[in-house]
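Here are my notes for anyone opening this one for the first time. Have the view up while you read, and take the points in order.

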Amino acid sequence: MSTRVVGQPHPIIDAVEKVSGATIFINDLELPGALTGLALRSPHPHARILNLDTSAAERLAGVAVVLSKNNTPNAPFGINHKDEAAFCREKARYVGDEVAAVAAADEETAREALSLIRVDYEVLPTVADPFAAQEPNAPLVHDSVTGNIANEFHIKRGEIDEAFDAADAAFADEFHTHLAHQAYIEPTGCAAQWHPGGKISVWGCLQSVFLIRTFMLGPAMGMSPDDFRVTQTKPGGAFGGKLDVKAALMAAMLSRAAEKPVRFMMSLEEDLIAMRPRMPVHISLESAWKRDGTLAGKRVRIVAENGAYSSLSPAIMSSIALRTDNLYKTPAAEIQGKLVYTNIIPSGQMRGFGNVQATYAWESHLDNVADSLGLDPAELRLKNYTEKGDVSLHGWKIASCAVADATRYVVEEMDWKAKRARGGKGRGVGLASCIHVSGNKGFSVELGPDDTDPSSGVVRVDEEGKVEIWSGESDLGQGATSVMAYIASEVMGIPVERFRVPPTDTGYMPFGMGAFASRITLIGGNAVKLAAEDARRNLLDAAAEFMEIPADELEIVEGEVRAKALPERKMSVGEVVRRAGSVIEGNGKWLAGGDVLDKEKYGNPSTTYSFSTHGAEVEVDMETGVVTILGICCGHDPGRVINRLGAEGQVEGGAVQGMSFAMMEGLAPLEGHLRGKNFHDYLIATSMDAPPIEHDFFESMDPYGPYGAKGLAEVAINPITAAICNAIYHATGGARIRTLPVSPERVLEAIEEARK
Amino acid sequence: MEFLRAASVDEALAAARDGAAFVAGGTNLVPDVLFGRKKIARAVDISRLDELRFIEEADGKIRIGALASVTDLLESELIRTAASPLYESALEFAGPLVRNRASVAGNLMDASPAADLAPPLLVQDAVVELASAEGERALPLSEFFLDYRKTAVRPEELMKAIVIEPLGQEGRCAYYKLQLRRAMAIAVVGVAVVLRMKGSVCAEAAISLGAVAAVPYRAQAAEACLCGKEIGVAEIEAAAEAAEDSARPIDDVRASAAYRKKMCGVLVRRLLKKALGMPQPVAV
Amino acid sequence: MSAYKINLCVNGKDETLDVQGDETLLRALRRIGYVEVKLSCEGGDCGACAVLLDGVAVNACLMFAAQADGSEITTVRGIGTEDDLHPVQEQLIEKGGVQCGFCTPGIVVSAKVLLDENPEPTREDIQRGLAGNLCRCTGYKKIFEAVSAAARQVNEGDGS
């Protein structure tokens, strides 16, 4: 299909206000008369609260309210397990757990009030290790949960035992990933305003304004989700971390109690120790193979670190367990997962939703297998990739797929064959691939209204010919709403400069689940496309009347309604609206395809799937273990590219964020205390660390996506860790990184182990 | 906290009492105060004392004003040519925004074991000039650091300058900062070496190590393996081993003590070879 | 706590304000409305609060406001606004060097002085010049491209 707008490179639609510093982020929002909210957080990983005395803090001049278990009802909430409360009840379960909160006239008073709260703790033994946590006599994080097991499953699919019995070769590996933060530059914050009558307005840097009402604010405050009007402020980065935001609850509770507006801004340190970072996992893999490199079956055992509360971790573990089986034709699999409570910060979702961890482990394992079988790692993958039309072992229906093209591109672009022939002398290349959902029906059930994973859009054209798009989905800075504007511009024939997409607001916008699971371009994009088509029809119908030409003989070009046969017969879109006497609107709603998985986790969770292959070239200092990433090369299949500039930005940003995760990040818990509490101990890639990146798109033209588009956010990050580790393996002649991050010290240990 | 801007060195010295602290670039002190790591009753702002901001050659030595910024080091031809380890350390120091404010004196006064400028200054025999209301004194940098974040500078003393020996014709040198990212990183290990050669004999050897003990220090036992000798592989091995033995590092979020110790040997061996132009097994 | 009256000239506008001795320049600027100077790490690690202090790029979080008394401060909005963008800002838009926009005010400040001091920066010069400004969204590539393009734009502008 030939397109005018779609597929071209465009700036994001709010770029001008952003480069001029005019964007209002949550901490810039003026709320007249607002109090300052702050939380008192547990200094202990695990402690019983024997006594909590807030009276001195309450008496301090300027303090409006102090909240704690003493004056709030016990209203547990949680997405999978109702294991969390607004404030610690009998115990504090991690360093950073909210024990109390204050709202005061200013920050200084609020800080002083916190210092006046007296808490008598009985320090309890820390559950820091997920394996020790399962021992019979281990202390319990939640007294009612025996063995500290939050979730557990065991699935067998296909003739797994036979597959291993009949295999020519079988291999086993273990991998461990670390606790890493989303590390957006904007610390999280929310503000709330209680209104007489009991309704509450909430503002915040949120990924989903609709869902936070249903999974957190409503249940935790004993109110109906409709009692909250939640408005998004543009997030200064999110990457999964701003979905489950307790700051919203703190602000809302303080505001209700004080009957005044409250700003609750977290410091960077609070953000690093008390949000929901990427889940650490321990993955054991076994795989069975035919001699020619055909995959026969695999066994996976996962121990996942839940931390103190569950958040979305059960779903993340499930994602880790099943994901890579769908990238390759896998005849049989056995999967066991255990999600274990510890006294560490609750883990959660970050870009990739477990797939970063799963792909790191499996794709590292694949290179070990290729090495053992004497096969080229790229060839091994090409032999086993899934293809369009396949239904995977777990029931995933592959509607479009260009992963093999992406891999061939990486192989060619990196001069793979020549470079693979060298290797072992401190320089090497590696690659890895991934599959990812574009939306996931599971979320719709766990977080949303029902099993439809819906999105809806409203497109409104005003009398000046300007167009506003209302969508309940959210822009996190990645340009998601720009994609909507470009789609609608394409449909409506109105220049994109005239489009505006305001931040999400439950007060007037139609429902949307929000930004996660790479769902917006596909699901939100389809809804907006339908709305734009509806608006276009309504514009043409109105114009037909005024111009006395049948609607099907009209078109919209450059914001003007023109007679196809007589282009000089025209009317501007604004004029049509003025003559019509009111805003002309279009509505659209789109329900995602796929199924909710059954109890055995069988089914097709997403409408369609995206793919990518990442390659890396590294130089390894064999004496210090210091790794230099010389270059990254990526091929992506996001279906049709809508905004080329935005898509490139996703790919480059994802690759460097993934490289950063692999090489240098880590909250580094030590006996329950995190050590990465600022941006000089929690390292993320600087401009000096950014390697050259080459990349291209392999547009598989998805049958369900708007103009053939699928999700891109997460395939952009998933494989890079394994690609780098595989390059290190190649460069060093066999140093396999089994524990992340790839510190120089770990590399050196792996080099020494490989020499043995 | 009381704030006072000193208009002159004398005014600064007069104000240096009753829990006062000097603040220059502020890159360490300001966040320390903000986050409550340091409590000070009075900040005496010396950042505008331009008489303490210079880099000059005097009496065959290089004199660096206490308030010379790290950016000033990078912009000085004198530092680049006659104190190249210091220049290289400045290049690896934080990022431009911090370098524009951070002063040489501040990096030393902070007394972090990982202070980036300390190893290169140590190998050029730095002496710091201190002033107080009672008078002035000179203190070798090798005696400056007493213990973890503790210096021999008295509370009422103000650092005025740092004097170093230029490399000269005979000076052979090398510097390396082992770090976990390419900028804005605290050193895992910092190493600087200077060898002053008389023909094929090493007349003086200076090796300093940072981030591997409570203070940055000169590895004298390692230096002794080289002094007065024709340096070959055996001498270098001995020096590397002595450097490794001398390290007393700790485990922290960046690396283990064992790794740091081992790297002292690896890096000293490598930097000595680099300084002498000997072939390396692996490029630094 | 003692309060001090200080004078600043922010983006060409004279401001007189009372500050506490230990109040940082970042917090003082934000308090009087210059919220385009972003607050994140408050430890000099991220560069989101970068401003020009008498023409020198610094982290506003790393100095006491009182230290800046009598100084000229330039924020991103002193470099260019919606109607009058600096070439760095124009090229960040055109090349896609802005995503969430939170680090962008600091990036603009660092890139502007980089170009003032070095009209023809190499990729490595740009990497070094922006090393104190963390960006989590873009992977930096498009920022480098934007700064290179801005350099060309400035140089061509000089020639015309």
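1. Start with two domains of chain A: the centres of domain 1 and domain 3, taken over C-alpha atoms, are separated by 39 Å. Domain 1 covers 31-124 + 188-265 and domain 3 covers 454-591, while domain 2 takes 351-437 + 604-755. These bounds come from an automatic or database domain assignment. Keep in mind that this is a predicted model, where local features need pLDDT of at least 70 and side-chain atom pairs count only at pLDDT 80 or more, while totals for chains, interfaces and linings use all residues. Residues are numbered from 1 along each chain as its sequence is written, and chains are lettered from A and ligands numbered from 1 in the order in which they are written.

2. Domain 1 and domain 3 of chain A do touch: the contact takes 17 residues from domain 1 of chain A and 16 residues from domain 3 of chain A. Contact here means that the C-beta atoms of two residues, placed from the backbone, lie within 7 Å. On the domain 1 side, helix H5 (211-221) and strand S11 (228-232) of chain A each supply at least two residues, and S11(A) gives the most, with 4 residues. Helices (H or I, at least four residues) and strands (E, at least two) are DSSP runs, numbered from the N terminus. That side of domain 1 of chain A has 7 nonpolar, 7 polar and 3 charged residues. For the classes, Ala, Val, Leu, Ile, Met, Phe, Trp, Tyr, Cys and Pro count as nonpolar, Asp, Glu, Lys and Arg as charged, and the others, Gly among them, as polar.

3. Next, have a look at helix H9 of chain A, residues 355-373. From first C-alpha to last, H9(A) reaches 26 Å with its 19 residues, close to the 27 Å expected at 1.5 Å a residue (that is, 1.5 Å times one less than the number of residues). Since 14 of those 19 residues are buried, H9(A) is largely enclosed by the rest of the structure. A residue is buried if 20 or more other C-beta atoms lie within 10 Å of its own, exposed if 12 or fewer, and partly exposed in between, with C-beta atoms placed from the backbone.

4. Now for chain C, which has 6 helices and 5 strands, in the order β-β-α-β-β-β-α-α-α-α-α along the sequence. Of its 160 residues, 65% count as buried. Chain C splits into domain 1 (3-77) and domain 2 (87-159), whose C-alpha centres lie 22 Å apart. Their contact takes 13 residues from domain 1 of chain C and 11 residues from domain 2 of chain C. On the domain 1 side, strand S3 (residues 50-53) of chain C gives the most, with 3 residues.

5. How many residues of chain C are in contact with chain A? There are 42, and they meet 46 residues of chain A. H3(C) brings the largest share of the chain C side, 4 residues. By class, that side divides into 20 nonpolar, 13 polar and 9 charged residues.

6. Finally, chain B: 15 of its residues are in contact with 19 residues of chain A. The chain A side there divides into 7 nonpolar, 6 polar and 6 charged.
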